[in-house]
Amino acid sequence: MRYGHFDDERREYVITRPDTPVPWINYLGTDEFFGIISNTAGGYSAYRDARLRRLTRYRYNNVPPDYGGRYLYLRDDATGEYWSPTWQPVRRDLDAYECRHGLSYTAISSSLGGISAQALYFVPPGQTLEVWRLRVTNERPEAAEISAFSFVEFALWDAQDDATNFQRNYSTGEVEVDAAGGVIYHKTEYRERRNHFAYFACSEPVAGFDTQREAFLGAYRGFDAPLAVQRGASGDSVAHGWSPVGSHHVRLTLAPGQTREVVFLLGYSENPRDDKFSAPGVINKSRVQPVIDHWLDPAAVEAGFAALQAVTGDVLGALQVDTPDVDTNRMVNVWNAYQCLVTFNMSRSMSSYESGIGRGMGFRDSCQDLLGSVQLDPARARDRIRDLAATQFASGGAFHQYQPLTKTGNDAIGSGFNDDPLWLVLGVAAYLKETGDATILNEQVPFSDGGQATLYGHLQRSLRYTLDRLGPHGLPLIGRADWNDCLNLNCFSETPGESFQTTENLSGGVAESIFIAGLFTLAAREFADIAYHCGRPADANSFRADAEKMTGNVIEHGWDGDWFLRAYDHYGNPVGSAANAEGQVFIEPQGMCIMGGIGVGNGVATRALASVRERLATPHGIMLVQPPFSEYHVELGEISSYPPGYKENGSVFCHTNPWVMIAEAMAGHGDAAFDYYQRINPAAREAISEVHRCEPYVYAQMIAGADAATHGEAKNSWLTGTAAWNFVAITQWILGIRPELDGLRVDPVLPSAWPGYSATRRFRGVTYQIAVRRRDAPAEPAGQPAASHGHVPSQVTGVIVDGQPIEGTVVPFAAPGATIRVEVIIR
Ligand code: BGC
Ligand code: NOJ
C-alpha cells in the first residue's frame, strides 16, 4: 500500500494522506539554520546546534505523535469553524490534502469548505531564518471572511535544560512585541549571557497576537483547540515566565476566486555583546530589522525560493544517471544524494528518532557521511575534515562525538572506540580522490589534548593507534566497541541504566575485533596509495606491509571455516563462530574484510559471501547476526539487550548491507550486488509502505529482521550511515563510476538483465558523459577484459574516450571545463 508517490520531474515526494504510519519528515536549511518538518507541519528549528541553540519546542514521544510544529489555523469567521490547513494540530478531516516534500522545502496544500490553502516552508540560502508562505484562496461563489492564526512555541535555547529544568524555566521566559504586534521577539536569557534572540514576524497588519502559551490555548486546552482560535480573537498576551510562544492573528477578506498571501518569518539573530540593547532591557534591532523587512516582501520570498532550488539543483548535478530501473534513478539522482547531504549537515543530531540532545556529531558517523557527500560539496567536506581531525588526541584516538556549535569533544562519552580513527583515513581518501587537493595533507591541525601535526601526520597516527593496540592474536583490540556500538566486550554491566558505551570496567587487553582488522587493511591500503602519490613511498611500503601482516593474522585467526569470525571476547573465546550457540555469523566482518582485500581471489571471499546468502539474507535485506541472542550475555554487552530481530541484535541493519553489495561487486557478482541493493532500496519498497512504515524516499537505520514479530518494519529513518554507503555501493561499485587518485574509473558490475546505462558525472571541473552498453555484436570494438581492482576480471571489454580506445578503465584527467564522452563496452 502507498501513501503517496514520487514526482520525479519536480524532485518531490507527494504524500496524499496526512495519517502516514509514522510522521514522514523532511529537512529545511542548507547552511546554519536547520529544521525538521513532517508531512503535517510538525517539527522544530535550530541554529547550528540542535541541542544548544534550539528555537522551537518539539515533544518527542508525545501522544498524539509529532507535536510541536509550524502551526497555522484557519477560521471561517461567519460560522466559527476552524481547522489546520496542514491537518495537525486540529486534525479536522479535510476535503483535499497533499504534502510535497522537496529538496530542503515542504509545501502542504489542502482545502475545506471551499477555502483552499497552501503553506510553503523553506530557509533561503545563507539566511538564519525560515519562511512560511501561506496562500489562502476563496473558491466559493461568495466572499469569505477568514481569520488566519500562526503559532510557534519557543524553546528556551538549551533543549536538554528546556525539557528538564522547570523550576527555573517557568520564571525566565521573556519576549518583546513591536508596537504594531507584527514582530514577536523571543529573548529569554538575553538579559544575561546570551547575545542571540529569535523572532517571529508577519507580513500583514495583525488583528492581535499572543506570546503566552496559556493565553492562546486557554486553561487545560491543547494545540488542537486553542481558545484564541475558537473565539476568533487573540489575547494580546505578553509572556512573563511560563511558556513564551508566538502567534499572529490576521483577518483576510476574500472575494470569490481571490488569493491572499501572508508571509511569516521565524528567525535567529545575534548582536555584538557590547551592543545588545537600544535602551535598558530593549533588544537592539538595528541589525535584524533590515533582514525582517527584506524577507517579508513576497518578491524576496519568490527570489529566495528560486535561489534555494538553484543551489540544490546544482549540487545534485554532480551525478545524474539513467538506468533501466526507475527506483535506482530516483535514489541516485535525487533522494539518496539528498539524504547524504542531510546526514552530512546533521550527523546524528535531529530527526524523528534523534532528539538533538544525545549525540551531536559522531566521529565515525561524520567520517562516513563524507563518503557520500564529498562530491556534492567539497569545500564543506574540507572544513569538516579539519574539525574532525581536531577532535583527535596525540595518541591517534578520537573523541567519539563533538558539539557542532563549540566543536569540542563530548567529555561525557569520551573516546576508546577503537575503530574511530580509521574512518578518518577513509574520509580523507574520499576527499583527495574527489578533489585532488593534496594541500590539505600539509595543513597543521591541533590535537584536542595539546600539540598539533599535519593532517598527514594525523592519518599516520590513526593507523598507528590500531597497531599500538593489538591483542593476543595480533588482531586489533576492540576497546569500548567498534562500528557495532553494542558489542561491548570490555563492559560487564549488571546495573540497569548504566551506559554500555562508557562502562569499560573489565578491560583485560584481550578482546579483539576482526571487523577493525578488516577496516585497518582497507584504511592502510588507502593511506599507502595516498603516501605513494605524494612521493612518500617508504610510508606507503610500510603501511602496505602492515596491511599484509594483518591480512595474514585474519586468515590465520579470524577465519571460521565458512565465514570471518566477528571477535574474541574478554576470555579469548570466539564471537561469531559456528562453535557458538547463538550469534554464529555476523555481517560486518564479511563485508569489511573483503573490502579490505582479505581473501579476495583465493576463494575465501566467495565462501564468506555464500555464507551471507545462506545464513543472513532475507527478502527485506541482510540481517546483522544469526541466530540473534535470545538472552542477555554480560560478556557481549548491549547487543544482547535488544529483543531478537531488532537493532544490532539481528535486524537488517541497513548500514552494513552496502558493504556486502560492494564485496559482491568486487567478486564480479553484478546480479547479487544489485539484488541486495534493491531489497533495502526505500523507493523499491514504496508499494509495501504499510509494512515498511518509514518514508519511502530515504533509508532507515534498521528493518526488523526475520526473528522479529514485525519483520520488514523500518525504524530510525534519515540520520544513518546507510545513506552514504548505499550511495557508494550503487554509484561507485555497481554502476562503477569511481573517483581515484589518477582519474575517474568507470568499471561497472551490472546485473545481467541490464543492457547498460548512461550518466553525467562532474569531476574535478570536467563533465563526463558516460554511456555503458553491453557488447551485443561481434563487430563492436572488443578487447581483453580490463584488469580490475582485486583479482576478478572486469566486465569491461573496452573504454573509448572521445572516440579513442584507452587501456584499462581509468579515464585520464582533462582540462577543467571540458566535456568528455566515455563509452564503456561490457561483456
Ligand atoms: C544503539 C546504537 C547506537 C548506540 C550509541 C545503541 O543503543 O543501538 O545504534 O549507536 O546506542 O548511541
Ligand atoms: C549508530 C551509530 O551512529 C553508528 O556509529 C554505529 O556504527 C551504529 N549505530 C551501529 O552500532
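Reader: Which atom of Tyr 642 approaches ligand 1, and at what distance?

Author: A polar contact is a pair of N or O atoms within 3.5 Å; within protein, one must be able to donate a hydrogen and the other to accept it, and residues adjacent in sequence count only if both atoms are side-chain atoms. Here a polar side-chain atom of Tyr 642 lies 2.6 Å from an oxygen atom of ligand 1. Asp 485 also places a polar side-chain atom 2.5 Å from an oxygen atom of ligand 1, and for an N or O atom in the side chain of Lys 647 the distance to a ligand 1 oxygen is 3.2 Å.

Reader: How much of ligand 1 does the protein bury?

Author: Accessible areas come from the Shrake-Rupley method with a 1.4 Å probe; for residues, only the protein chains shown count as cover. Ligand 1 exposes 310 Å² when taken alone, of which the protein buries 79%.

Reader: On what conventions do these values rest?

Author: The model is predicted: local features need pLDDT of at least 70 and side-chain atom pairs count only at pLDDT 80 or more, while totals for chains, interfaces and linings use all residues. Residues are numbered from 1 along each chain as its sequence is written, chains are lettered from A and ligands numbered from 1 in the order in which they are written, and side-chain values use heavy atoms, without hydrogens and water.

Reader: Which residues surround ligand 2?

Author: A residue is counted if one of its heavy atoms lies within 4 Å of the molecule. Around ligand 2 these are Arg 359, Arg 364, Asp 365, Trp 483, Asn 484, Asp 485, Glu 648, Phe 653 and Gln 701. Asp 365 has a polar side-chain atom 2.6 Å from a ligand 2 oxygen; Glu 648 has one at 2.5 Å from an oxygen atom of ligand 2. Trp 483 contributes a polar backbone atom, 2.5 Å from an oxygen atom of ligand 2. Taken alone, ligand 2 exposes 290 Å², and the protein buries 96% of that.

Reader: In what order do the six strands of the open sheet lie?

Author: Strands are DSSP runs (E, at least two residues), numbered from the N terminus, and two strands pair if DSSP finds at least two bridges between them. The order is β22-β39-β40-β44-β41-β42, with mixed pairing. At the edges, β22 (319-322) and β42 (804-806) each pair on one side only.

Reader: In which sense do β41 and β44 pair?

Author: Strand β41 (residues 796-801) runs antiparallel to β44 (residues 819-826), with five bridges. Gly 798 stands opposite Ile 825 in β44.

Note on methods: Helices (H or I, at least four residues) and strands (E, at least two) are DSSP runs, numbered from the N terminus.
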